[in-house]
Amino acid sequence: MHKAEIIGSLKSDETKEQFLEQFEEEYIKITIIESLKNDENKIKYLSKTTDEYYRAEIIASLNDNNRKISFLKEIKSIALKKEIIQSINIEELTDENKILLLQEDLSEKQKEIIIENIQEDELKIAQLEKVKDEECKTQIIISLKSDEIKLSQLVNISYEGFRVLIIKSLKSDDKKLEQLENMKNNESKIDIINSMQDDNKKLAQLSNFKDEMDKIKIIEKIRRR
């Protein structure tokens with residue numbers, strides 16, 4: 001194994017490959033193959049091993065995250081697929097491959113991270129039904145660029161605390177104000193008001209609160225800015 005580690009540290013892929021045939025043990029060969037810099041050099045060895053574990057190891061070691069997606073379907077083991085998925089940098093995937101990845105056995109959090117990283121709002125919304133967890137769904141909605149599309153998704157969120165988070169993420173203070181009447185408790189309203197950029201619009205809301213402590217919570221936020 002020490003020989004394999006030394007060979008793996010060599011700079012040239014060509015030199016590394018020249019030593020491969022010296023080893024009979026497949027696990028040692030895989031260690032060297034994983035150290036190759038060029039993905040094409042790694043990929044040509046995929047067809048030379050039938051062991052799914054070793055194939056998964058090679059796929060996970062690829063530099064191109066989009067190529068990993070293209071080979072993922074060749075792996076049957078769910079556990080090995082999960083290891084490959086863990087090695088993928090989601091941000092480097094094309095939107096098409098992000099959507100393909102959503103077909104795999106993923107946790108709700110993994111789905112959230114993938115959908116959040118999709119570029120187009122419309123594509124994000126199209127994938128939203130794949131997420132059942134309301135907190136994860138909320139974070140995806142917050143990541144949308146358009147205030148209008150965010151507001152259109154409020155009907156799909158039942159918990160007021162999550163709805164407040166979405167409203168606070170709006171760019172428009174006026175749109176935030178429009179949502180105040182839909183809030184059931186004053187704490188939610190105060191939270192939304194304090195997220196606004198325009199201090200004058202905040203102060204204009206003080207007359208809507210009878211409790212002096214509620215007013216102070218808004219004024220204190222303004223003072224700290």
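The structure is a predicted model, in which local features need pLDDT of at least 70 and side-chain atom pairs count only at pLDDT 80 or more, while totals for chains, interfaces and linings use all residues. Residues are numbered from 1 along each chain as its sequence is written, and side-chain values use heavy atoms, with hydrogens and water left out.

We can begin with helix 3 (residues 26–34) and helix 5 (residues 52–60), whose axes come within 9 Å and cross at roughly 10 degrees. Helices here are DSSP runs (H or I, at least four residues), numbered from the N terminus, and axes are lines fitted to C-alpha atoms over the stretch in contact, with angles from 0 to 180 degrees between N-to-C directions. The crossing angle therefore makes helix 3 roughly parallel to helix 5, a term for angles under 35 degrees. On the side of helix 3, Glu-26, Tyr-27, Ile-30, Ile-33 and Glu-34 meet Tyr-54, Glu-57 and Ile-58 of helix 5, where contact means heavy atoms within 4.5 Å. Sorted by class, this contact has 5 nonpolar, no polar and 3 charged residues; Ala, Val, Leu, Ile, Met, Phe, Trp, Tyr, Cys and Pro count as nonpolar, Asp, Glu, Lys and Arg as charged, and the others, Gly among them, as polar.

A second pair is formed by helix 13 (residues 160–168) and helix 15 (residues 186–194), with axes that come within 9 Å and cross at roughly 15 degrees, so that helix 13 is roughly parallel to helix 15. Here Glu-160, Val-164, Ile-167 and Lys-168 of helix 13 meet Ser-188, Asp-191 and Ile-192 of helix 15, and the classes are 3 nonpolar, 1 polar and 3 charged residues.

Helix 15 also holds Ile-190, which is buried, with a relative accessible area of 3%. Buried means under 20% relative accessible area, exposed over 50% and partly exposed in between (1.4 Å probe, protein chains only). Leaving aside neighbours within four places in sequence, Ile-190 is in contact with Phe-209, Asp-214, Lys-217 and Ile-218.

In helix 7 (residues 78–86), the residues Leu-80, Lys-81, Ile-84 and Ile-85 are buried. They lie on the same side of helix 7, because they cover an arc of only 145 degrees around the axis, the arc being that of the directions from the helix axis to the C-beta atoms. What covers these buried residues includes helix 5, helix 6 (65–72), helix 8 (95–101) and helix 9 (108–116), whereas the face turned away from the buried side of helix 7 carries the exposed residues Ala-79 and Gln-86.

Notes: Helix = DSSP H or I, 4+ residues; strand = E, 2+ residues; numbered from the N terminus. Parallel < 35°, antiparallel > 145°, perpendicular 65-115°, else oblique.
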